[in-house]
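Biologist: Hi, could you walk me through this one? I'd like to start from the contacts of a single residue.

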Amino acid sequence: MMEEEEFEFAEDLEAILHLTPEVQLAIEQVFPSQDPLDRADFNAVEYINTLFPTEQSLANIDDVVNKIRLKIRRLDDNIRTVVRGQTNVGQDGRQALEEAQIAIQQLFGKIKDIKDKAEKSEQMVKEITRDIKQLDHAKRHLTTSITTLNHLHMLVGGVDSLEAMTRKRQYGEVANLLQGVVNVLEHFHKYMGIPQIRQLSERVKAAQSELGTQILADFEEAFPSQGSKPKKPKAPDNPFHGIVSKCFEPHLYVYIESQDKNLGELIDRFVADFRAQGPPKAGTEEGGAVLPSCADLFVYYKKCMVQCSQLSTGEPMIALTTIFQKFLREYAWKILSGNLPKSSTNSGGLTISSLLKEKEVSEAAKFTVDELCLICSILSTAEYCLATTQQLEEKLKEKVDKVLVERINLTGEMDTFSTVISNSIQLLVQDLDAACDPALTAMSKMPWQSVEHVGDQSPYVTSIIMHIKQNVPIIRDNLASTRKYFTQFCIKFTNSFIPKFINHLFRCKPISMVGAEQLLLDTHSLKTVLLDLPSIGSQVLRKAPASYTKIVVKGMTRAEMILKVVMAPHEPPVVFVDNYIKLLADGNPETFQKILDMKGLKRSEQSSMLELFRQRLPTPPSGADGGPSLSFSTPTPEQESSRIRKLEKLIKKRL
């Protein structure tokens, strides 16, 4: 009965003392044990089975039970001892805490005592050193006062002597005295608020100004400037001219090297200012204007040239010219070419589904308005530099000795600025040209064979006109001061656009009769816009230059003739071939085959046509050198205009 109660008590105890895995792990780390009874996963049944694996082993059950009971009693004794021992821990801890508090109070008292003694010591030191500090301050102030008084005495006496020597024109004595007075005056820089000191400083400045005026007047009187009329004691040719300066010619390389360094720093400052201030903005007074840095550069050039010519008009002038050439090129590279925006001719393509959508055909130009303004400003600056460099060359030739005139040559630098101008114009042309590329691509991909009726101008024409109206007025307004270069821009753009337009015309294949009529109407619209391009969007209507008009009429008339040939029936073949030769005046078989492709003729038909074309070509008359030469007549602009009007009437009649 007692064994059953102990067994039940063990089960209850196991349930109560069930520990978490973390606590169990901590216990195993602190009290490691190999006893199965100490294991967290202890199983009483398994443990009993290990003690009594067989029925025969149950014979010594009493001994095992006695051992376990003995072990339980030992554990109880240990637990009881530990519990009793813990009753005294709280009392010992309180006693230790009280002792620590008492020790801290004693330590605090000692620290306070030390601090009080330190403050008393510091006060004693201050009292001891107070008188010493007062003596040091008095000594320092007394020394400064005496020094300042001596300087003031020297300054007053020096200013009086300076004014007296200036009146007497004693320049030799003044040279040494003036430097001394200026050095003494620097000591009174922080006392300029005192009226008397400020008055002495103003007297020194007045004496310096008077000396400069007197010395210049004396030199002008003794050495009249070149070209001036001599006064009535004096000879027409001054025997002293150049005597002094020639003595310094071998050493003027110092002056040339100094100007080389100064100009290098000036160019670096121009670069830094341009980066800090940014390019000129469109819509402002600076838009398209000449960069102010170039004017500063040539003003400095003029100053250097005048200074050098006063010292020598020989080899130093040639050396200075070389320096001028160097920094003209650097200005062209670093300030002008180096700041031109980068361009890209990749304009992308369009899908067939978007060919008739005007919004998708139109694409913004690569350059922004500010970038276009910057290009125009650089172009205007390069033109200014080109003209001023030419004037600089003429002035240098006037100043230098006659035997050295041939060595003054700034042609290379003028060519550099001309290159900048050409590159700027080419950038403007490429930008507008690239903006029109998507529209031309759209034109070549349109299904011209399926066009059923002639309407207004096609969306691709509207897109091209839109880009022209956006870019050209900006460029014209920013090149208002350089009109001839705006004309060059118009000519270069036309020379680039028209051949490209004709090449895209050849890609439009096959073309029906109605499609060719629509293309002819589009071509006439583009021709009209190109003729008005120089004044497009301008309130002032100005007639385009004849050279420009001639290029447009010639190029676009060829495009119209191509379309007219495409519109003509190819039967009978002889009439078609003769009509082609008459309208296009082109003896190249490749061009004729492109026309046949545009008409959509089969290869078998093209072969016979090409053979007939070679047979029908006019017999070439002998040229001046005895060789053959073809001569074709091109319709005049008046004849072409009449034909266009007839076509427009035909279109209106059909509509």
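Modeller: Happy to! Leaving aside neighbours within four places in sequence, Leu530 is in contact (heavy atoms within 4.5 Å) with Ile468, Phe493, Phe497, Ile498, Tyr548, Val552 and Met556. Before we go on, this is a predicted model, where local features need pLDDT of at least 70, side-chain atom pairs count only at pLDDT 80 or more, and totals for chains, interfaces and linings use all residues. Residues are numbered from 1 along each chain as its sequence is written, and side-chain values use heavy atoms, with hydrogens and water left out.

Biologist: Good to know. How many residues does the largest nonpolar core have?

Modeller: It has 122 residues, and Leu530 is one of those with the most contacts inside it, along with Tyr331, Ile468, Phe489, Phe497 and Ile595. A nonpolar core here is a set of buried Ala, Val, Leu, Ile, Met, Phe, Trp, Tyr and Cys residues joined through side-chain atoms within 4.5 Å. Buried means under 20% relative accessible area, exposed over 50%, and partly exposed in between, using a 1.4 Å probe and protein chains only.

Biologist: Which helix gives the largest share of this core?

Modeller: Helix α14 (residues 411-445) does, with 13 residues. Helices are DSSP runs of H or I with at least four residues, numbered from the N terminus. There is also a second, separate core of nine residues, including Val159 and Phe188.

Biologist: And at what angle do α15 and α17 pack?

Modeller: About 10 degrees, with the axes of α15 (residues 459-478) and α17 (residues 513-531) 10 Å apart. Axes are lines fitted to C-alpha atoms over the stretch in contact, and angles run from 0 to 180 degrees between N-to-C directions. So α15 is roughly parallel to α17, a label used for angles under 35 degrees.

Biologist: Which residues meet there?

Modeller: From α15, Tyr460, Val461, Ile464, Ile465 and Ile468 meet Leu519, Asp522, Ser525, Leu526, Val529 and Leu530 in α17.

Biologist: Switching topic, how many disulfides are there?

Modeller: The count is zero, with a disulfide taken as a pair of cysteine sulfur atoms within 2.5 Å. For Cys376, the closest cysteine sulfur is in Cys373, 6.9 Å away, so that is too far for a bond.

Biologist: Is Cys376 buried or exposed?

Modeller: Buried, with a relative accessible area of 0%.

Terms used: Helix = DSSP H or I, 4+ residues; strand = E, 2+ residues; numbered from the N terminus. Parallel < 35°, antiparallel > 145°, perpendicular 65-115°, else oblique.
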